[in-house]
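I opened a new entry today. I want to look up a few local features and write down what I find.

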Amino acid sequence: MAGCVSRVELSVSCRSLLDRDLGSRSDPLCVVLQDAGGGRWTELDRTERIKNCQNPEFCKKLVVDYYFERVQKLKFGVYDIDNKSFDLNDDDYLGGIECTLGQVVSSSVFTRPLELKEGKPAGKGTITISAEEIKDNRVLCLEIEARNLDKKDLLGKSDPFLEFYKQSDAGTWQLVYRSEVVIKNNLNPCWKKISVPLQTFCGGDFNKLIKVQCADHDSDGSHDLIGVFETNLSQLQKAGDGSAVEFECIHPEKKQKKKSYKNSGIIRVKSCKIETEYSFLDYVMGGCQINFTVGVDFTASNGDPNSTDSLHYISPDGINEYLIAIWSVGSVVQDYDTDKLFPAFGFGAQVPPSWQVSHEFALNFNPSNPYCQGIQGIVDAYRQILPQIRLYGPTNFSPIINHVARFAAHSAQQGTAS
């Protein structure tokens with residue numbers, strides 16, 4: 001995902017909307033807003049208006065940017081539109097909901113009752129939202145070799161590499177791939193498997209013109225052109241199942257100067273495959289759960305919890321660095337865990353009653369059931385245990401990592417995600 005962001009389109013439908021029109025049914029429209037902080041909301045998108053319908057299924061998708069690492073609070077509002085004004089303040093409000101985008105994308109179908117305001121249902125009205133990532137997750141995989149390339153180096157053979165360019169609508173050439181490995185001193189190279197997103201390679205257009213350059217690599221950057229040819233993905237796809245597609249590598253200047261010139265080598269595309277590369281959202285939408293385990297460092301290097309310069313010092317407003325970290329990470333992850341039960345451990349402290357140093361003790365002092373209910377449960381367990389233990393050492397969190405690894409290995413065998 002470029003820039004750690006995905007585009008997601010939301011499909012919205014409603015059932016049993018309130019009827020605000022006299023003599024006819026409501027004309028609903030749905031708008032989605034995002035929390036901008038400070039009690040402000042900004043509109044992201046809105047659907048079309050559907051006339052005279054209490055059970056609308058909106059055709060227009062609501063498009064939003066999805067960031068896994070953020071809690072993205074959304075508000076969906078449904079309005080009865082009876083005028084041509086873009087402003088919704090003069091339209092009847094049929095109900096809405098507040099939720100997070102994480103809740104929506106982690107649910108196969110997200111349905112909630114509509115409310116006119118918090119705690120006041122909008123009749124029997126409900127809203128259903130489903131999410132789909134906007135993407136082309138196909139990847140082009142090529143296996144390419146060459147034979148009889150021109151010799152470009154005085155004291156050795158050529159060091160060939162490949163560059164692929166796609167033609168823009170304006171007719172210019174845009175570099176889309178450069179082979180990473182330069183094959184040293186070889187006129188008959190076989191390059192490592194090339195893998196490039198189909199969107200990057202040709203924008204999904206199988207007939208878009210592609211230019212392939214083969215050049216001799218020089219360390220000072222003055223690479224010498226061996227030859228070039230043009231093709232498209234439709235031609236490249238003919239390679240496979242034992243049959244290769246061959247292209248003559250042509251050096252334009254040589255061709256112009258020498259009548260006897262044939263080519264500067266042959267490029268053979270041995271295999272061309274289009275594969276699917278699954279994104280993070282594919283896993284989440286496929287039912288993959290994200291489990292959150294907390295390990296808290298109770299070593300003495302954190303400082304005396306009673307001292308204001310300690311990471312464990314709880315300020316008068318009830319927070320410290322550890323609680324901030326727990327809330328920051330936990331508030332994101334909790335949307336992707338259905339049972340909201342989070343195991344929480346500590347390490348590096350002397351634990352009662354024996355006061356032996358432990359590097360894997362449950363924050364709730366219940367080793368057989370170290371789960372805390374929600375992020376608040378972790379916070380409560382941390383606050384209760386802090387005055388009951390002695391900070392010690394050393395810093396050894398491998399037991400907790402191994403604990404989580406065993407849990408992950410067990411979960412992987414369940415096969416519950418689709």
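Leaving aside neighbours within four places in sequence, which residues is Ser13 in contact with? I am working on a predicted model. I listed the contacts of Ser13: Pro56, Glu57, Thr126, Ile127 and Thr128. Ser13 sits in strand β1, residues 6–15. Its relative accessible area is 15%. I count Ser13 as buried because that value is under 20%.

Next, the domains. I read three from the domain assignment: domain 1 (7–134), domain 2 (138–276) and domain 3 (289–414). Over C-alpha atoms, the centres of domain 2 and domain 3 are 54 Å apart.

Then the surface. I found a nonpolar patch formed by Leu341, Tyr371 and Phe407. Together they have about 230 Å² of accessible area. Leu341 belongs to strand β18, residues 341–347. At 32% relative accessible area, Leu341 is partly exposed.

Last, the backbone. Most residues other than glycine have a negative phi, and most peptide bonds are trans. I looked for exceptions.

- The bond from Pro352 to Pro353 is cis, with omega near 5°. Pro353 is in the loop between β19 (349–351) and β20 (356–358).
- Trp355 is in the loop between β19 and β20 as well. Its phi is positive, near 60°. I noted 30% relative accessibility for Trp355, which is partly exposed.
- The bond from Gly393 to Pro394 is cis too, with omega near 0°. Pro394 lies in the loop between β23 (390–391) and α8 (398–412).
- Asn52 has a positive phi of about 50°. I placed Asn52 in the loop between β3 (40–46) and β4 (62–66). Asn52 is partly exposed at 44%.

Key. Residues are numbered from 1 along each chain as its sequence is written. This is a predicted model: local features need pLDDT of at least 70, side-chain atom pairs count only at pLDDT 80 or more; totals for chains, interfaces and linings use all residues. Side-chain values use heavy atoms; hydrogens and water are left out. Helices (H or I, at least four residues) and strands (E, at least two) are DSSP runs, numbered from the N terminus. Buried means under 20% relative accessible area, exposed over 50%, partly exposed in between (1.4 Å probe, protein chains only). Contact means heavy atoms within 4.5 Å. Patches are made of residues with over 30% relative accessible area and no salt bridge: like charges are joined within 9 Å, nonpolar side chains (Val, Leu, Ile, Met, Phe, Trp, Tyr) within 5 Å. Accessible areas come from the Shrake-Rupley method with a 1.4 Å probe; for residues, only the protein chains shown count as cover. A salt bridge is a side-chain nitrogen of Lys or Arg within 4 Å of a carboxyl oxygen of Asp or Glu. Domain bounds come from an automatic or database domain assignment.
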